[in-house]
Amino acid sequence: FTAEEETARDAEEKAWEDGALARAQANLRQRRNRRLAETDFYALSDVTMSSDMQTYRQNLRDLPSGKDTVEKCDNVTWPTKP
């Protein structure tokens with residue numbers, strides 16, 4: 001690498017590293033949204049949702065809160081589906 005190429009590569013690596021938390025949070029939300037979608041039919045007006053399912057869905061919605069590091073996002077404890 002030339003000095004210019006090395007500088008450019010270092011900038012790319014730093015940009016990638018700086019975006020690690022955003023990527024981890026997006027991944028967490030995607031996985032959470034998939035679990036919510038699996039239980040969406042319980043929220044229909046003609047279905048009575050149990051309190052356990054309401055709690056489960058609320059826990060899923062609250063999950064990303066406080067996940068401010070990559071490690072917290074990667075090591076999340078998922079609520080148990082009733």
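Q: In which helix is A3 found?

A: This is a predicted model, with residues numbered from 1 along each chain as its sequence is written. Local features need pLDDT of at least 70, side-chain atom pairs count only at pLDDT 80 or more, totals for chains, interfaces and linings use all residues, and side-chain values use heavy atoms, leaving out hydrogens and water. Helices here are DSSP runs (H or I, at least four residues; strands are E, at least two), numbered from the N terminus. By that scheme, A3 is found in helix α1.

Q: How far apart in space are A3 and T77, C-alpha to C-alpha?

A: In sequence, A3 and T77 are 74 residues apart. In space, the C-alpha to C-alpha distance is 45 Å.

Q: How far apart in space are K14 and R34, C-alpha to C-alpha?

A: K14 is found in helix α1 and counts as exposed, at 52% relative accessibility. K14 and R34 are 20 residues apart in sequence. Their C-alpha atoms are separated by 31 Å.

Q: Which residues make the nonpolar surface patch?

A: The patch covers about 260 Å², an accessible area from the Shrake-Rupley method with a 1.4 Å probe, where only the protein chains shown count as cover for residues. One member, L44, sits in the loop between α2 (20–38) and α3 (51–62). L44 counts as partly exposed, at 47% relative accessibility. The patch is made by F41, L44 and V47.

Q: How many salt bridges does the count come to?

A: Side chains of opposite charge can pair when their charged atoms come close. A salt bridge is a side-chain nitrogen of Lys or Arg within 4 Å of a carboxyl oxygen of Asp or Glu. By this rule the count is five.

Q: Which residues are linked in a network of salt bridges?

A: R9 and E12 meet in a salt bridge at 3.2 Å, N to O. They are three residues apart in helix α1, so about one helical turn separates them. R9 is partly exposed at 39%, and so is E12 at 47%. The network links R9, E12 and E13.

Q: How many residues apart in sequence are the parts that R57 and D40 tie together?

A: The side chains of R57 and D40 meet in a salt bridge (3.2 Å, N to O). R57 lies in helix α3 and D40 in the loop between α2 and α3, so the pair ties together parts that are apart in sequence by 17 residues.

Q: Which residue forms a salt bridge with D68?

A: D68 is partly exposed, with a relative accessible area of 48%. The closest N and O atoms of the pair are 3.0 Å apart. The partner is K72.

Q: Which side chain of opposite charge is nearest to R32?

A: R32 is in helix α2. R32 is buried yet has no salt bridge. At a distance of 7.5 Å, the nearest side chain of opposite charge is D62.

Q: Which residues is C73 in contact with, leaving aside its neighbours within four places in sequence?

A: C73 is in helix α4 (residues 70–74). C73 is buried, with a relative accessible area of 1%. Contact means heavy atoms within 4.5 Å. With those neighbours left aside, C73 touches L21, A24, Q25, L28, R31 and K67.

Definitions and conventions: Buried < 20%, exposed > 50% of the residue type's maximum accessible area, 1.4 Å probe, protein only. Patch = residues over 30% accessible without salt bridge, like charges linked within 9 Å, V, L, I, M, F, W, Y side chains within 5 Å. Lys, Arg positive; Asp, Glu negative; His and termini not counted.
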